[in-house]
Amino acid sequence: MNARQQRVVLNGNVPAWLYVITGVPQGSILGPLLFLIFINDIDKGIVNKLLKFADDTKLVGTVSSECETNHLRSDSLYVI
């Protein structure tokens, strides 16, 4: 069984610890490599510009017509 646990404290409410069954452990040797493999093809099929920095991704596009609006909307389905 996985030994990693987490909980989120909100407004002083402290829930029980839950086991984490997914994700990459922080501080691991393979973590950065696995992350790069995971996001390597995130921009395939994207019409607009995609900005990537560390673990942050932004979809950028200029919208001046209904067609461009539809392209931006369809691109957002790939990124999310």
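This is a predicted model: local features need pLDDT of at least 70, side-chain atom pairs count only at pLDDT 80 or more; totals for chains, interfaces and linings use all residues.
Visitor: Where is Leu-34 found?
Guide: Leu-34 sits in helix α1, residues 31–39. Helices here are DSSP runs of H or I with at least four residues, strands are runs of E with at least two, and both are numbered from the N terminus. Residues are numbered from 1 along each chain as its sequence is written, and side-chain values use heavy atoms, with hydrogens and water left out.

Visitor: OK, and is Leu-34 buried, partly exposed or exposed?
Guide: Leu-34 counts as partly exposed, because its relative accessibility is 42%. Buried means under 20% relative accessible area, exposed means over 50%, and partly exposed is in between (1.4 Å probe, protein chains only).

Visitor: Which residues make the nonpolar surface patch?
Guide: Ile-29, Leu-30, Leu-33, Leu-34 and Ile-37 make it, and the patch covers about 540 Å². Patch residues have over 30% relative accessible area and no salt bridge; nonpolar side chains (Val, Leu, Ile, Met, Phe, Trp, Tyr) are joined within 5 Å, like charges within 9 Å. The areas come from the Shrake-Rupley method with a 1.4 Å probe, and for residues only the protein chains shown count as cover.

Visitor: What about Phe-35?
Guide: Phe-35 is in helix α1 too, and it counts as partly exposed because its relative accessibility is 31%. From Phe-35 to Ala-54 is 19 residues in sequence and 9.6 Å in space, C-alpha to C-alpha.

Visitor: And where does Ala-54 sit?
Guide: Ala-54 is in the turn of the hairpin formed by β3 and β4, which has 2 residues between the strands. Ala-54 has a positive phi of about 55°.

Visitor: How do β3 and β4 pair?
Guide: In the antiparallel sense, over 5 bridges, with β3 at residues 49–53 and β4 at residues 56–60. Two strands pair if DSSP finds at least two bridges between them. As one example, Leu-51 has Lys-58 in β4 as its bridge partner.

Visitor: Switching topic: how many salt bridges does the structure hold?
Guide: The structure holds 1. A salt bridge is a side-chain nitrogen of Lys or Arg within 4 Å of a carboxyl oxygen of Asp or Glu. Here Asp-43 forms it with Lys-52, and the closest N and O atoms are 3.7 Å apart. Asp-43 counts as partly exposed at 35% relative accessibility, and Lys-52 counts as partly exposed at 39%.

Visitor: What's up with Asn-11's phi?
Guide: Asn-11 has a positive phi of about 55° although it is not a glycine. Asn-11 lies in the loop between β1 (5–6) and β2 (18–19), and it is exposed, with a relative accessible area of 73%.

Visitor: What does the side chain of Thr-69 reach?
Guide: It reaches the backbone oxygen of Ser-65 at 2.9 Å. Thr-69 lies in helix α2, residues 66–79, and counts as buried because its relative accessibility is 18%.

Visitor: Last one: where is confidence lowest and where is it highest?
Guide: Confidence is lowest in α1, at a mean of 81, and highest in β2, at 90. The protein averages a pLDDT of 82, and 91% of the residues score at least 70. pLDDT is the predictor's confidence in each residue, from 0 to 100.

Terms used. A polar contact is a pair of N or O atoms within 3.5 Å; within protein, one must be able to donate a hydrogen and the other to accept it, and residues adjacent in sequence count only if both atoms are side-chain atoms.
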